[in-house]
Amino acid sequence: MASGLNPNARNVPISVVRAATASKHESWVIETKTHGTLLLKQIDANPFELGPPPAEPGTDIEAEGYVIRNELRYTSVKPL
């Protein structure tokens, strides 16, 4: 469990293509000092839909969830 993954994490207003799928999918990303760039995926949400950003792009956030490879599968995100 990556509780409070990084208090210096920054939600960035860009999207990237998910690799290893038959079609291209976009994802919100987060830049962290400890884990680099991670794709943000809300647990229990459709992983193939972009949806609204979990926080205002460009804000510092605190996230709770699991880091799996290059993804943060989060249960909650809150602005700092």
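Okay, so this protein has 0 helices and 5 strands, where strands are DSSP runs of E with at least two residues, helices are runs of H or I with at least four, and both are numbered from the N terminus. From the N terminus on, that reads β-β-β-β-β.

Quick housekeeping: this is a predicted model, where local features need pLDDT of at least 70, side-chain atom pairs count only at pLDDT 80 or more, and totals for chains, interfaces and linings use all residues. Residues are numbered from 1 along each chain as its sequence is written, and side-chain values use heavy atoms, with hydrogens and water left out.

Now, the overall picture. Of the 80 residues, 31% count as buried, meaning under 20% relative accessible area, with exposed over 50% and partly exposed in between (1.4 Å probe, protein chains only). As for contacts (heavy atoms within 4.5 Å), take those with a separation of 6 or more: 48% of them join residues 24 or more positions apart.

Let me zoom in on Gln42. This residue sits in strand β3, residues 36-42, and counts as partly exposed because its relative accessibility is 42%. Val77 is 35 residues away from Gln42 in sequence, yet their C-alpha atoms are 9.3 Å apart in space.

Gln42 also takes us to the largest pocket. Which residues lie nearest its centre? Those are Gln42, Ala45, Glu49, Leu50 and Tyr74, out of 15 lining residues. The elements giving two or more residues to that lining are β2 (26-32) and β3. A pocket here is an open set of points on a 1 Å grid over the protein atoms alone, where a 1.4 Å probe fits, with protein on both sides within 12 Å along at least five of seven lines; lining residues have an atom within 4 Å of a point.
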